[in-house]
Amino acid sequence: MPERMQRILVTGAAGQIGSELTAALRERYGAQNVVAADIRENRSAKLMEGGPFEHVDVTQREQIEAAVIEYRVDTIFHMAAILSAVGEEKPQLAWRVNMTGLLNVLEVAREHNLLRVFSPSSIAVFGPETPPDPAPQAPPLRPTTIYGVTKVAGELLGEYYVHRFGLDVRGVRYPGIISSETLPGGGTTDYAVEIFYKALQEGHYTCFVREDTVLPMMYMPDCIKATMDLMEADGTRLTHHCDFNLAGMSFSAGELAEEIRKHLPDFTCEFKPDKRQDIADSWPHSIDDSAAREEWDWRASYDLRSMTDDMISRLSKKLERGKL
Ligand code: AKB
C-alpha cells in the first residue's frame, strides 16, 4: 500500500473542482488536515467554515511555502489554473498562473520532501491532428490553445520531477466537468453546466457551441473519485504519472439539450457558436482511458442519463431553497 497522505493543501480550492475536492478530502482525511487555499474572494461559507483556509497566490512561491510549513503539509492537490477560454483572452496570464504556479508547487514539494503532488492536465493537450474517436493515450500532442500548451508542458515538467528528483507527481487529463455545487469559470466546456442552470431558471439557453459539437465530459462524483483513487493508488503499478487519459461520457450539445427536455419539456435551446467553437473543434470527441483502467482500476459510473437525472434533482432542490 502507498504511504498515506496526512496533511493536504488544495490550491484553487474555491474553484469548480477544488471546492468539491476539498470537501471530499476533508471527509476522508479529517477537516483540520485539509487546508483550502485560493486567491479568490468569492469563497463559499462551506469552504471557509469547513476547515483551515489560507490566501495563496500560486505565482508567489513564498505563499505556497508558508502554508506548507505552517500546516506541515505532505501532499498538494494543485487545482489553481486559468482555463481554455480565458487563456485565449489572456495568454500571458495563463502562462504565468499555469506554468509559474506549477513550477512553484513542484519546487516547494521538492525542497520540503513532500510525499505526493497532484497536477491536473486536460483533454486540451490534444489538438486538431489527434485521432478524435477515441483520442489515444500517447498521440503527438500539438494543441492550438495556450491552455493546451501549458498542460502539455505541465505534464512534461511533472514527469521530469518524477524522474530527475524522485518526486511522486500524478495527474489525469480531465474532460469537461459537470457539477451542481460551484460553477466553472473560463472554460470551453462550461456550456454543459450553464445549460442546466438556465434551463431551470429561465427555461431557455443560448449555447455557445454548435448543436453537433461532441466533447468528452464527466460528472463531478466520477471526477472526485478519479482524483482520489489515483492519489491513493499503489505507485509501483504506475507506468504513467502525470498524463492519464480519463473518460466519462461523450455527447453532443444537442443531445444534452434533448436529455434535459425529458425532465423539462418546455425547455428551449438555441445554438450560437462564438470563438469557443474553434477551441471545441480542436479537441477530440472521446477518450481511450485504458491506461488508467489497467494501472489503477479506473471506471466511470455516470452516463448522460444518470448525470442529467442527478443534476436536475440537485439543482431543483437548490432552486426551491432560493440558492441557485
Ligand atoms: C476547459 O474547457 O477549458 C476545461 C478543460 C476541458 O480542461 N473544462
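Guide: An oxygen atom of the ligand lies 2.7 Å from a polar backbone atom of Thr188. Taken alone, the ligand exposes 250 Å², and the protein buries 93% of that area; accessible areas come from the Shrake-Rupley method with a 1.4 Å probe, and for residues only the protein chains shown count as cover. The side chain of Ser84 places an N or O atom 2.5 Å from an oxygen atom of the ligand, and for the side chain of Tyr147 the corresponding distance to a ligand oxygen is 2.7 Å. A polar contact is a pair of N or O atoms within 3.5 Å; within protein, one must be able to donate a hydrogen and the other to accept it, and residues adjacent in sequence count only if both atoms are side-chain atoms.

This is a predicted model, in which local features need pLDDT of at least 70 and side-chain atom pairs count only at pLDDT 80 or more, while totals for chains, interfaces and linings use all residues. Residues are numbered from 1 along each chain as its sequence is written, and side-chain values use heavy atoms, with hydrogens and water left out.

The residues around the ligand are Leu83, Ser84, Ser122, Ile123, Tyr147, Gly187, Thr188, Thr189 and Trp283, a residue being near a molecule or strand if one of its heavy atoms lies within 4 Å of it. By class, this shell has four nonpolar, five polar and no charged residues. Here Ala, Val, Leu, Ile, Met, Phe, Trp, Tyr, Cys and Pro count as nonpolar, Asp, Glu, Lys and Arg as charged, and the others, Gly among them, as polar. The ligand lies between domain 1 (8-176 + 218-245) and domain 2 (178-217 + 249-286 + 301-320), because both give residues to the shell around it. The domain bounds come from an automatic or database domain assignment.

Of its 41 residues, Ile178, Tyr191, Ile195, Phe196, Leu256 and Met307 touch the most other members. Such a core is a set of buried Ala, Val, Leu, Ile, Met, Phe, Trp, Tyr and Cys residues joined through side-chain atoms within 4.5 Å; buried means under 20% relative accessible area, exposed over 50%, and partly exposed in between (1.4 Å probe, protein chains only). At least two residues of this core come from each of α6 (146-165), α7 (191-201), β10 (204-207), β11 (214-219), β13 (249-252), α9 (253-261), α10 (276-281) and α12 (304-320). Helix α7 provides the largest share, eight residues. Helices (H or I, at least four residues) and strands (E, at least two) are DSSP runs, numbered from the N terminus. Domain 1 and domain 2 each contribute at least three residues to this core.

The side chain of Thr75 makes a polar contact with the side chain of Asp74 at 2.7 Å.

Most residues other than glycine have a negative phi, and most peptide bonds are trans. Asp133 and Pro134 are joined by a cis peptide bond, with omega about 0°, and Pro134 lies in the loop between β6 (121-122) and α6. Arg72 is not a glycine, yet it has a positive phi of about 50°; Arg72 is found in the loop between α3 (61-70) and β4 (75-78) and counts as exposed at 57% relative accessibility. Asn113, likewise not a glycine, has a positive phi of about 50°. The loop between α5 (91-111) and β5 (116-118) holds Asn113, which is exposed with a relative accessible area of 67%.

Asn113 also takes part in a pairing across the sequence: its C-alpha atom and that of Gly166, 53 residues apart along the chain, are separated by 9.7 Å. Gly166 is placed in the loop between α6 and β7 (169-170) and is exposed, with a relative accessible area of 60%.
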